[in-house]
Amino acid sequence: MIVVAGESLIDLVPHGDGEPLPTLLPRLGGGPYNTAVALGRLGAHAAFCSRMSTDGFGEALLTGLRDAGVDTGLVARGPEPTTLAVASLGADGSAGYGFYAEGSADRLFELPPRLPDAARAVAFGTCSLVLEPGASAYEALLRREAERGLFTLLDPNIRPGLIPDADAYRARFAGWLPSVSLLKLSEDDARWLGGVPEGPAAVVLTRGDEGMSVRTRTGTEVSVPATQVRVADTIGAGDTVNAALLHGLAARDAMSADGMARLDAEGWREVLDFAARAAAVTCSRTGAEPPYAWELRPDD
């Protein structure tokens with residue numbers, strides 16, 4: 001089982017050329033949520049660990065997880081509203097966000113009991129590691145599960161507008177790194193953080209339409225180009241990369257620090273190429289709509 005811990009929310013995505021107020025279409029979203037759905041669609045045994053609203057949006061989000069085959073036994077519920085993220089799209093399809101998260105259900109996440117014995121990895125990221133009081137509970141979960149030997153993935157997916165004290169966040173981020181097996185950063189994340197850090201067994205850096213690369217603690221460095229596609233928007237692309245990396249590593253029995261160290265350059269190239277192809281499918285669709293396994297099978 002791969003557990004994904006973090007927020008779910010509703011993306012309000014602009015549609016059409018309406019000015020000054022475009023039509024906003026609701027889409028299921030949230031970085032960790034998208035990662036869990038992508039894992040389920042790829043055929044992984046995935047579970048989502050979060051706190052979700054009992055409102056209509058929360059019900060739709062829960063249904064989306066179940067439809068993807070994601071285990072929801074670690075999801076707590078509450079009457080508070082679902083977080084909303086209003087997306088703005090650039091000419092190249094890149095997305096910026098404004099968040100409506102005050103008093104929302106996912107912020108009240110509490111540290112759960114020990115994860116199921118079947119759990120082999122747990123992934124974290126985005127707003128859930130910023131917004132208190134839930135952020136401290138997710139941090140405690142990261143440290144606890146890393147200490148007991150689970151593989152951990154961290155995608156900070158920096159949203160500067162949600163971070164009131166940048167220096168304090170950067171210091172806190174550095175404190176997480178000893179508990180992180182695989183760190184995934186975008187170029188924008190790395191720039192905001194002041195560079196690509198050392199510490200995790202492997203760091204994957206995504207570069208948008210220039211592809212992605214990995215650098216491991218043992219000195220392996222591999223880059224792959226992006227898969228070319230007509231971009232609708234980039235919402236959920238990085239989250240799909242997270243899922244594809246975990247799925248690819250698990251398929252090669254490399255979902256551990258030692259396993260990643262044993263993976264040679266060709267093995268990493270295959271994992272990164274799979275992630276690039278999966279992200280391209282997501283980019284070809286409006287909103288976070290990750291691919292199913294059958295869409296990524298090689299042509300006969």
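Which residues lie nearest the centre of the second largest pocket? The legends below begin with that site. The structure is a predicted model, in which local features need pLDDT of at least 70 and side-chain atom pairs count only at pLDDT 80 or more, while totals for chains, interfaces and linings use all residues. Residues are numbered from 1 along each chain as its sequence is written, and side-chain values use heavy atoms, with hydrogens and water left out.

**View 1. The second largest pocket and its lining.** Leu28, Tyr33, Arg41, Gly64 and Glu289 lie nearest the centre of this pocket, among 17 lining residues. A pocket is an open set of points on a 1 Å grid over the protein atoms alone, where a 1.4 Å probe fits, with protein on both sides within 12 Å along at least five of seven lines; lining residues have an atom within 4 Å of a point. The space in the second largest pocket is about 240 Å³, a volume being the space filled by probe spheres set on the points, which are joined across faces, edges and corners. At least two lining residues come from each of β3 (23-29), α1 (31-42) and α2 (56-67). Helices (H or I, at least four residues) and strands (E, at least two) are DSSP runs, numbered from the N terminus. The lining has eleven nonpolar, two polar and four charged residues. Here Ala, Val, Leu, Ile, Met, Phe, Trp, Tyr, Cys and Pro count as nonpolar, Asp, Glu, Lys and Arg as charged, and the others, Gly among them, as polar.

**View 2. Helix α6, residues 237-251.** From its first C-alpha to its last, this helix of 15 residues reaches 21 Å, close to the 21 Å expected at 1.5 Å a residue; the expected span is 1.5 Å times one less than the number of residues. Eleven of the 15 residues are buried, so α6 is largely enclosed by the rest of the structure. Buried means under 20% relative accessible area, exposed over 50%, and partly exposed in between (1.4 Å probe, protein chains only). Among the buried residues are Asp239, Asn242, Leu245 and Leu249. Just after α6, Asp253 takes a positive phi of about 55°.

**View 3. The salt bridge between Arg172 and Glu139.** A salt bridge is a side-chain nitrogen of Lys or Arg within 4 Å of a carboxyl oxygen of Asp or Glu. In this pair the closest N and O atoms are 2.7 Å apart. The pair links distant parts of the chain, 33 residues apart, with Arg172 in helix α4 and Glu139 in helix α3 (residues 134-147). Arg172 is partly exposed at 23% relative accessibility, whereas Glu139 is buried at 14%. Both belong to a network of salt bridges that also links Glu132 and Arg143. Helix α4 (residues 166-176) also contains Ala166, whose C-alpha atom is separated by 8.9 Å from that of Leu193, 27 residues apart along the chain.

**View 4. Two further salt bridges, Arg107 with Glu102 and Arg215 with Glu198.** The structure holds 19 salt bridges. Arg107 and Glu102 have their closest N and O atoms 3.5 Å apart; Arg107 is buried at 16% relative accessibility, and Glu102 is exposed at 71%. The side chains of Arg215 and Glu198 meet at 3.6 Å, N to O. This pair joins distant parts of the chain, 17 residues apart: Arg215 lies in strand β12 (residues 212-216), and Glu198 in the loop between α5 (187-193) and β11 (202-206).
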